[in-house]
Amino acid sequence: METIDLIEGVVTMNEKKRRCGITDVLLLVLNLIFFVGIQTVFAPCEARPDGSWMTCHWAGQALIGIAAALLAIAVMHLVIPRTQVKIGLSLAVIPVSVLAFAVPDHLIDLCMMEMMHCHTVMEPAVTVLSLLNVLLAAADIYVYQKGENG
């Protein structure tokens, strides 16, 4: 028998409670947007006419890998029911998000012209998504610590 309490965010299956909080879902949605976005709308500049790539392409490639890791962490965070594991996964999101923040134009150079797509779209999008990830992970840690201690 399955019962769902939407206000509490608790799903009861066979008398076992499985917490699925709003931060779990938000982490998944945010990182899904990051993963899909970095390959589509937030992607770096296109290839040159001769087929070679600009330096921002490599920043985009690194960000695809980072976004995939963040998405995998978010999926595990949603699926795994243990509070301590969720806190650990949220703690893992923070340095990975800081790495994502640092990649474009800090660790890997972007194009020389400031009006290129990598400067006007990719870098601001990655900055916002990375900061939201850090804030959401910190909020998630706070919520789970409070729930465990309170």
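This is a working chat about a predicted model of one protein and a few of its local features.

Colleague: What pattern does the protein follow along the sequence, and how many helices and strands are there?

Modeller: The protein has 4 helices and 3 strands, and read along the sequence they come in the pattern β-β-β-α-α-α-α.

Colleague: And how much of it is buried?

Modeller: Of its 150 residues, 36% count as buried, while the accessible surface of the protein comes to about 8,800 Å², with 69% of that belonging to carbon and sulfur atoms.

Colleague: What share of the contacts join residues at least 24 apart?

Modeller: If you take the contacts between residues at least 6 apart in sequence, 68% of them join residues at least 24 apart.

Colleague: Switching to charges, how many salt bridges does the structure hold?

Modeller: The structure holds 1 salt bridge, formed by Lys 86 with Asp 24, whose closest N and O atoms are 3.2 Å apart. Lys 86 lies in helix α3 (residues 83–102) and Asp 24 in helix α1, so the pair ties together parts that are 62 residues apart in sequence.

Colleague: Are those two buried or exposed?

Modeller: Lys 86 is buried, and Asp 24 is buried as well.

Colleague: What about Thr 23, which residues does it touch?

Modeller: Thr 23 also lies in helix α1, and, leaving aside residues up to four places away in sequence, it touches Leu 136, Asp 140 and Tyr 144. Thr 23 counts as buried because its relative accessibility is 9%, and the cut-off for buried is under 20%.

Colleague: Where is the nonpolar patch on the surface, then?

Modeller: The patch is formed by Val 25, Val 29 and Ile 33, which together have about 220 Å² of accessible area. Ile 33 has its place in helix α1, which covers residues 22–37, and it counts as partly exposed because its relative accessibility is 42%.

Colleague: Why would residues spaced like that point the same way?

Modeller: An α-helix has 3.6 residues a turn, so residues three or four places apart point the same way.

Colleague: Now α2: what should it span, and what is the distance between its ends?

Modeller: Helix α2 (residues 56–79) has 24 residues, which at 1.5 Å a residue should span 34 Å, and its end C-alpha atoms are 34 Å apart, so the two values agree.

Technical notes: Residues are numbered from 1 along each chain as its sequence is written. This is a predicted model: local features need pLDDT of at least 70, side-chain atom pairs count only at pLDDT 80 or more; totals for chains, interfaces and linings use all residues. Side-chain values use heavy atoms; hydrogens and water are left out. Patches are made of residues with over 30% relative accessible area and no salt bridge: like charges are joined within 9 Å, nonpolar side chains (Val, Leu, Ile, Met, Phe, Trp, Tyr) within 5 Å. Accessible areas come from the Shrake-Rupley method with a 1.4 Å probe; for residues, only the protein chains shown count as cover. A salt bridge is a side-chain nitrogen of Lys or Arg within 4 Å of a carboxyl oxygen of Asp or Glu. Helices (H or I, at least four residues) and strands (E, at least two) are DSSP runs, numbered from the N terminus. Buried means under 20% relative accessible area, exposed over 50%, partly exposed in between (1.4 Å probe, protein chains only). Contact means heavy atoms within 4.5 Å. The expected span of a helix is 1.5 Å times one less than its number of residues.
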